Amino acid sequence: LSTAIQTAPAALMARGGAAAAANSPAWVELCANAAPIASMLIFFAPFPTIDQVAKDKNVGSLPLLPYSSMIANCLLWTTYGILKQESKIWATNGIGVAFGLFYFLRFIKFAPPKAPTFPGSVSQHISACLAVVAASAGITALFPVNEAAAIMGNLAVLVCIAMFGSPLASLKTVLQTKSAKSIPLPFTLATVLNCILWSVTGIFQMKDIKVTLPNTLGLAFGIAQVSLKLLFGDGKSRMEREEPLM
């Protein structure tokens, strides 16, 4: 997600370039200029959800994946930006790493060691993030700069897709309980807006599959999550509604 994250995937924007921009319609230019701002919303969007977790001192059925995938995603794009010497990429995603760490640490403070909606366990999420750090360091050390940048960019696109779809980690719980309380609405709405703008930019201006693919998939994930939110709402789960009166 990044920023000029560049795209909801990141480095994306760097490749698009000014040449394509010069021939873009005004509405495409508007989307391209607004996309980096929308990307930043992804970083701020989880604040209300994490704040509520802190107030309740309970994570309920919320997933941990949005925050661990944010850390992994931004770590990869930060490394990519450094390799490409693109300050707009590494600087923005470096901030994203900080936000992701804050959300992650705040979340696990009130979370059980393991839950099906995370999914998995807290230790598994920590291990995955550390694996991304190790992979980034290893790829950077073992491959020439251009090859390392290409590998990091491809990995970052995959993780970016995972981040956009991460709220669906609780899909099974939503369908079983008939309640979408486990889907964080601010993050989901920010994802939809972000992916719309970057999809337009990727298709019509940058013509870059690495921008278009993760953002169109992210848009589909976001629409699915909003649909579940509209269908089930945040009301009591089916089990709570069927609980007999004492």
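The model is predicted, so local features need pLDDT of at least 70 and side-chain atom pairs count only at pLDDT 80 or more, while totals for chains, interfaces and linings use all residues. Residues are numbered from 1 along each chain as its sequence is written, and side-chain values use heavy atoms, with hydrogens and water left out.

**View 1. Helix α2 crosses helix α9.**
Helices here are DSSP runs (H or I, at least four residues), numbered from the N terminus. The axes of α2 (residues 26-44) and α9 (residues 185-206) come within 8 Å and cross at roughly 145 degrees; axes are lines fitted to C-alpha atoms over the stretch in contact, and angles run from 0 to 180 degrees between N-to-C directions. This crossing of α2 and α9 is left-handed, meaning that the near helix is turned anticlockwise from the far one by less than a right angle. Look for W27, C31 and L41 among the α2 residues that meet α9, whose side of the contact includes F187, L197 and F204 (contact: heavy atoms within 4.5 Å). By class, the contact of α2 with α9 has 17 nonpolar, five polar and one charged residues.

**View 2. S199 sits in helix α9.**
S199 counts as buried because its relative accessibility is 6% (buried: under 20% relative accessible area; exposed: over 50%; partly exposed: in between; 1.4 Å probe, protein chains only). The side chain of S199 reaches the backbone oxygen of C195 at 2.6 Å. A polar atom of that S199 side chain also lies 3.4 Å from the backbone oxygen of N215. Leaving aside residues up to four places away in sequence, S199 touches N215 and T216.

**View 3. F47 and F102 form a tilted aromatic pair.**
The structure holds 13 aromatic pairs, counted when ring centres of Phe, Tyr or Trp (its six-membered ring) lie within 6.5 Å; planes under 30 degrees apart are stacked, over 60 edge-to-face and the rest tilted. In this one, F47 and F102 are 5.9 Å apart centre to centre, with 50 degrees between the planes. F47 lies in α3 (residues 47-56) and F102 in α5 (residues 87-109), so the pair ties together parts 55 residues apart in sequence. F47 is partly exposed at 34% relative accessibility, and F102 is partly exposed at 41%.

W77 and Y80 are both buried.

Conventions. Helix = DSSP H or I, 4+ residues; strand = E, 2+ residues; numbered from the N terminus. Nonpolar A, V, L, I, M, F, W, Y, C, P; charged D, E, K, R; others polar. Polar contact = N/O pair within 3.5 Å; in protein donor to acceptor, adjacent residues only side chain to side chain.
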